[in-house]
Amino acid sequence: MPLKTLDLSGGDVELMEAELRTLCARAGAEAVALLDLSGVILAGHRLPEKIDSLLFAALLTSNFAATEELSRRLGVTAFRVMYHEGRRQNLYFDKVADDTILVVLFRDSNALGRVRLFTEKSVTELRRLVAAVTRPADKPLDLPQARQAMPATIMAARST
């Protein structure tokens, strides 16, 4: 599979965070996060302050990636959703794109159906938003400020 990167602007992150706020309110969640499987938080809403966000993201994504790989080795080819039930809090994971997951943190385990329903609706919108900012990794960014910073000889060589 070719490598891909996300080319996010502030506006893109705002759109993602707006969808996460809507999901949080509808599902009755405590927090939601959209994560790249490399452990980068792309967008979040009400993330716990008591835990380091980098550690939080790394643990969540490695947990999902390990379970996905174990499932693949056991022959499960369509692994997309994961749920952890705790004594006080629960985690619901849903795969948004190849390298992007959505994590919902919520308290009431009886609300799992509601969380799942509204997460599925949000994943549809988040998939669209992530697809709009995904580009092949080998395609260079065409930024006006980069062209201005390059010496004229390099620009001339690139255009030939």
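**Entry 1: a bridge in the sheet**

I began with Val32 and found that its bridge partner in S6 is Val104. Before going on, I noted for myself that this is a predicted model.

Next I looked at the whole pairing between these strands. S2 and S6 (residues 100-106) run antiparallel and share 6 bridges. Leu35 also takes part, with Ile101 as its bridge partner in S6.

Then I turned to the other neighbour of S2. Strand S3 (residues 41-45) is joined to S2 by 4 bridges, again antiparallel. Here the bridge partner of Leu35 is Ile41. S2 and S3 form a hairpin with 4 residues between the strands, and in it I spotted Gly39 with a positive phi near 100°.

**Entry 2: is S2 buried or exposed?**

I asked myself how many residues of strand S2 (residues 31-36) are buried. The count came back as 6 of the 6, so S2 is largely enclosed by the rest of the structure. I also checked which way the side chains go: Ala31, Ala33 and Leu35 point one way, while Val32, Leu34 and Asp36 point the other. Asp36 is buried along with the others in that list.

**Entry 3: the sheet as a whole**

I wrote down the strand order as S3-S2-S6-S5-S4, an open sheet of 5 strands with antiparallel pairing. At the edges I found S3 and S4 (81-85), each of which pairs on one side only. On average, neighbouring strands are turned by 15° against each other, direction ignored.

Helices came next. H1 packs on this sheet and touches S2, S3 and S6, and its direction makes about 40° with that of S3. Helix H2 (residues 53-73) lies across S2, S3, S4, S5 and S6, and I noted that it runs at about 70° to S5.

**Entry 4: Phe93**

Leaving out residues up to four places away in sequence, I listed what Phe93 touches, including Leu60, Asn63, Phe64, Arg80, Met82, His84 and Leu102. I also checked Phe93 against Leu34: the two are 59 residues apart in sequence and 9.9 Å apart in space, C-alpha to C-alpha.

**Entry 5: H1 against H3**

How do helix H1 (residues 10-27) and helix H3 (residues 112-133) pack, and at what angle? I read off an angle of about 175°, with the axes 9 Å apart. Angles over 145 degrees count as roughly antiparallel, and H1 and H3 are therefore roughly antiparallel to each other.

I then noted who makes the contact. From H1, I found Leu15, Met16, Leu20 and Leu23 among them, and from H3 the list includes Val115, Phe118, Leu126 and Leu129. Sorted by class, the contact has 11 nonpolar, 2 polar and 5 charged residues.

**Entry 6: how confident is the model?**

Last, I looked at the confidence values. The mean pLDDT of the protein is 86, and 84% of its residues reach 70 or more. Among the elements, S6 has the highest mean pLDDT at 97, whereas helix H5 (residues 152-159) has the lowest at 41. I marked residues 146-160 in my notes: the pLDDT there is below 50, and beyond near neighbours in sequence this stretch has 5 contacts in the model.

Conventions: Residues are numbered from 1 along each chain as its sequence is written. This is a predicted model: local features need pLDDT of at least 70, side-chain atom pairs count only at pLDDT 80 or more; totals for chains, interfaces and linings use all residues. Side-chain values use heavy atoms; hydrogens and water are left out. Buried means under 20% relative accessible area, exposed over 50%, partly exposed in between (1.4 Å probe, protein chains only). Helices (H or I, at least four residues) and strands (E, at least two) are DSSP runs, numbered from the N terminus. Two strands pair if DSSP finds at least two bridges between them. Contact means heavy atoms within 4.5 Å. Axes are lines fitted to C-alpha atoms, for helices over the stretch in contact, and angles run from 0 to 180 degrees between N-to-C directions. Angles under 35 degrees count as roughly parallel, over 145 as roughly antiparallel, 65 to 115 as roughly perpendicular and the rest as oblique. Ala, Val, Leu, Ile, Met, Phe, Trp, Tyr, Cys and Pro count as nonpolar, Asp, Glu, Lys and Arg as charged, and the others, Gly among them, as polar. pLDDT is the predictor's confidence in each residue, from 0 to 100.
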